Amino acid sequence: MLKTKYEYNFYSFYDHTGMEQHFEKMAAQGWLIEKLGYFWRYRRIGPQALRFSVVYYSEASEFDPTKPSEGELTFYDFCAQAGWNKAASRAQMNVFYNEDANAVPIETDAALQVETLHQSMKKEQLIAWFLMLALALWIFFDMCKSFIRDFAAALSRLSALSAILDSVLLFLLCALELGGYYLWRRRAKREAELGRFLPTRSHPVLQMLALLVLVMGCAVVLYSDKEGRGTYLAILTGIVLLDALIWGIKGLLKRRGGSAELNRGITLVSVLILSFIFSFTYLRSVRNGQFDQTPENATRYEVTWSNGETSFYYAYDDPLPLYVQDLTKTDYDRYSCELAEESSPLASQVRGAQRMRTGDEDDAPELNYEVTDVKFAPLFDACLDGELKYYQNYTVTFYRTHRPFRNWEYREVDAAPWGADRAWQAFDTESDGWGVSWVLTRGKRIVRIGGSALTGTLSQAQMDTISEKLLDADIK
Amino acid sequence: MAREKFSTLTEQMFYILLCLREECCGMDVMARVNELTGGRVAVGPGTLYNLLEQFLAAGYIVETRAEGRRRSYQLTAEGKTLLQNEVERLQAQVRDYEKLFER
């Protein structure tokens, strides 16, 4: 028979009423809470009708030594005098139980209870939730930028969709926690003026669901972004290691009996130093290409530049739906043919590129294209708009953000020669000249194609080939 | 703790201070209040602990003795004045009541 039992804590820190009811239910089933944390630990007792009280000692802190302070011990003595035995404690939170159903409650002044709880919340909980809220907003706006930059591409990436949904979910979780607390506090203060206590209410089931979706979302990000998987895993491992080290340092100082201020200071300095070491190691590894996985159908090659520096690149040998050779003649035979596919429930995108190898000084024609199939029809216009604003949204950040194609725009042209529904061609507003890039649509498909292989006046045969291979073909 | 908080005393604050007119161990205050009010007013241990800390910080009581964690307190002159003001406020209320409901 199991002597201990663990439970993940889905209750809000301030939800003393919810926790008290839960602990009472567990005691009736024969389990007494004995340790608080992310996981709650219970020990087996006989089923008992115990009364629980979750109260807060605002002077305590997460960084306090394991041995309670004199003040805390006195507080426990006061409670023991009234028949309340301590079951567990963590930072400011203390759980007491009483066998007497009619015992005087630990808190008998509603206003004081609200005040003590707020003092405790201000210590660590509110800071942590506000930081999390800021993180959710930062991820959301960062992801929004990638949607603005290339809407169709972001929409086709499951990882981008998951990341933006995760950030919204994280934001809602924080808003639920913070909103729930401040709403309770406002009402509780009003009730306290009348001498009445207001029970707290959190949403453990909702939190459990949100956390589950959040974890699933992170797993999707991790496994759908093949290129970034190594990076995500490295960052995740780094965070877990960092967290474990910080916990270790904090725990050691707590056990050694260092003051809360000392512990907080050392922990903070450790966070900064370890974060720096991890970031430095990570960036150095990235620079050395340790996270680069050799893609399928690719060979690595090195280029030594005139200054003696060496860089490495990949030459791909993916099958492409359309080759330079389908459109024009070329003697160059060292092409890198790269095909990337992304698919989400809302859109899918195939990106093809046939380029010369970096370092080769030939003047061979090149080709690149994106074929987007919008699966969710109402988003077609937004995808098309994103493709047509390609030049406006194209930025290069080097010290500051540049828009190298700010003079370029897509202008609608006759779609009939392409056999498309609509067609646009790149136009340089500065030199009043047409460029070699087109956006074509047919049905729910959007094709953007460009490259030096299309230089000069395109023949009908070339346009037919492009139409047949990119607009008509089943590309997946 | 701002002293404004104690401009009007709650029943619990009033009886805690009243019990401390003479030296008394903090933990014993609960029983004394219960005794004094015939069980009408109950002070919980958490509330008592926090109020004692606040009274101490505001200078209304003073720690007189400490035997281990058993600490005794007593009302200061300022505490007596606070209690006196509260009594006068309550008496004024009673007088007003009696004036209006005089037979």
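Colleague: Which element of chain B has the highest mean pLDDT?

Modeller: This is a predicted model, in which local features need pLDDT of at least 70, side-chain atom pairs count only at pLDDT 80 or more, and totals for chains, interfaces and linings use all residues. Residues are numbered from 1 along each chain as its sequence is written, while chains are lettered from A and ligands numbered from 1 in the order in which they are written. Elements are DSSP runs numbered from the N terminus, helices (H or I) of at least four residues and strands (E) of at least two, and pLDDT is the predictor's confidence in each residue, from 0 to 100. In chain B the lowest mean, 91, belongs to S1(B), and the highest, 95, to H1(B).

Colleague: What average pLDDT does chain B have?

Modeller: Of the residues in chain B, 95% score at least 70. For the complex, the predictor gives a pTM of 0.78 and an ipTM of 0.90. The average pLDDT of chain B is 90.

Colleague: In what pattern do the elements of chain B follow one another along the sequence?

Modeller: Chain B has four helices and three strands. Its C-alpha trace spans about 55 × 30 × 20 Å along the principal axes. Read along the sequence, the pattern is α-β-α-α-β-β-α.

Colleague: In what order do the three strands of chain B form a sheet?

Modeller: Two strands count as paired if DSSP finds at least two bridges between them. S1 and S2 of chain B are the edge strands, each pairing on one side only. The sheet is open, in the order S1-S3-S2.

Colleague: Which residue of S3(B) is the bridge partner of B:Cys25?

Modeller: S3(B) also places B:Tyr73 opposite B:Glu63. In the hairpin of S2(B) and S3(B), two residues stand between the strands, and B:Gly68 takes a positive phi near 65°. The bridge partner of B:Cys25 is B:Ser72.

Colleague: Which residues of helix H1 (11–19) of chain B are buried?

Modeller: A residue is buried if 20 or more other C-beta atoms, placed from the backbone, lie within 10 Å of its own, exposed if 12 or fewer, and partly exposed in between. Buried residues make up 29% of the 103 residues in chain B. Those of H1(B) pack against S1 (24–25), H2 (29–36), H3 (45–58), S3 (70–75) and H4 (77–100) of chain B. In H1(B) they are B:Met13, B:Tyr15, B:Ile16, B:Leu17 and B:Cys19.

Colleague: Which helix gives the largest share of the side of chain A that touches chain B?

Modeller: Contact requires C-beta atoms, placed from the backbone, within 7 Å, and 19 residues of chain A are in contact with 15 residues of chain B. H2 (70–81) and H3 of chain A each supply at least two residues of the chain A side. With Ala, Val, Leu, Ile, Met, Phe, Trp, Tyr, Cys and Pro as nonpolar, Asp, Glu, Lys and Arg as charged, and the others, Gly among them, as polar, this side divides into eleven nonpolar, four polar and four charged residues. The largest share, eight residues, comes from H2(A).

Colleague: How many residues does the largest nonpolar core have?

Modeller: Such a core is a set of buried Ala, Val, Leu, Ile, Met, Phe, Trp, Tyr and Cys residues joined through C-beta atoms within 7 Å. Those with the most contacts inside the largest core are A:Ile33, A:Cys79, A:Val95, A:Phe96, B:Ile16 and B:Leu48. Contacts of A:Phe96 include A:Phe52, A:Cys79 and A:Trp84. The number of residues in the largest core is 63.

Colleague: What distance separates the centres of domain 2 and domain 3 of chain A?

Modeller: An automatic or database domain assignment sets the bounds, dividing chain A into domain 1 (4–98), domain 2 (110–119 + 130–287) and domain 3 (298–472). Eleven residues of domain 2 are in contact with 15 residues of domain 3. Taken over C-alpha atoms, the separation of the centres of domain 2 and domain 3 is 39 Å.

Colleague: Is A:Ala49 buried or exposed?

Modeller: A:Ala49 lies in the loop between S3 (39–44) and S4 (51–56) of chain A. Its C-alpha atom is 9.7 Å from that of A:Met26, 23 residues apart along the chain. Because A:Ala49 has 9 other C-beta atoms within 10 Å, the class is exposed.

Key: Two residues are in contact if their C-beta atoms, placed from the backbone, lie within 7 Å. Lists of a residue's contacts leave out its neighbours within four places in sequence.
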